[in-house]
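Dear colleague,

Please find the structure for your review directly below. My notes on the findings follow it.

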Amino acid sequence: MKKEKFQLYISTAISGIFITMFISSLVTYLALTDLSIFFDVWPKNWFYASLVAFPAILFVRPLAIKITSKLTDLIYK
C-alpha cells in the first residue's frame, strides 16, 4: 500500500472516531431522560456511528473536494 493511501485511511479512521465520539455523545445525552444509563447506551451508539462514518467519509470526501473546487472556481475567477 502506498504511503498516501495509508495516510488517507488512517486520517479517515481517526477523524471518524473523534467526530462520531462527540456527535454520538451529544445525541445520546439529549435523547436520554435517565442520564444514569448514559455510559451503558453511549458506547454502543458510538460503535455503530463509527462503522458508518468510515465508509461515509471515504465516499463523501472526494465529492466534497470536487464541489469545493467548482465553487471556488465560480467565486475566484
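Predicted model: local features only at pLDDT ≥ 70, side-chain atom pairs only at ≥ 80, totals over all residues.

Which residues does Leu-32 touch, not counting residues up to four places away in sequence? Leu-32 touches Ile-37, Phe-38 and Val-41, where contact means heavy atoms within 4.5 Å.

Residues are numbered from 1 along each chain as its sequence is written, and side-chain values use heavy atoms, with hydrogens and water left out.

Overall architecture

The protein has two helices and zero strands; these are DSSP runs numbered from the N terminus, with helices being H or I of at least four residues and strands being E of at least two. Helix H1 covers residues 3-31, and helix H2 covers 38-75. Leu-32 is placed in the loop between H1 and H2.

The radius of gyration is 17 Å, whereas a compact globule of 77 residues would have a value near 11 Å. That radius is taken over C-alpha atoms, and the globule rule is 2.2 Å times the number of residues to the power 0.38. The C-alpha trace spans about 55 × 35 × 15 Å along its principal axes. Among contacts between residues at least 6 apart in sequence, 56% join residues at least 24 apart.

Surface and charge

The accessible surface comes to about 6400 Å², and 73% of it belongs to carbon and sulfur atoms; areas come from the Shrake-Rupley method with a 1.4 Å probe, and for residues only the protein chains shown count as cover. Of the 77 residues, 16% count as buried. Buried means under 20% relative accessible area, exposed means over 50%, and partly exposed lies in between (1.4 Å probe, protein chains only).

There are 8 positive and 4 negative side chains, and the centres of the two sets lie 17 Å apart. Lys and Arg count as positive and Asp and Glu as negative, with His and the chain ends not counted; each charge is placed at NZ of Lys, CZ of Arg, CG of Asp or CD of Glu.

Individual residues

Thr-28, in helix H1, counts as buried because its relative accessible area is 4%. Its side chain reaches the backbone oxygen of Ser-24 at 2.6 Å. Not counting residues up to four places away in sequence, Thr-28 touches Phe-38, Val-41, Trp-42 and Asn-45.

Thr-12 also lies in helix H1 and is buried, with 3% relative accessibility. Under the sequence exclusion of up to four places, Thr-12 touches Phe-54, Ile-57 and Leu-58.

Phe-18, in helix H1, is partly exposed, since its relative accessible area is 46%.

Two pairs are each 28 residues apart in sequence: the C-alpha atoms of Phe-18 and Trp-46 are separated by 9.8 Å, and those of Leu-32 and Val-60 by 30 Å.

Yours sincerely

How values were computed: Polar contact = N/O pair within 3.5 Å; in protein donor to acceptor, adjacent residues only side chain to side chain.
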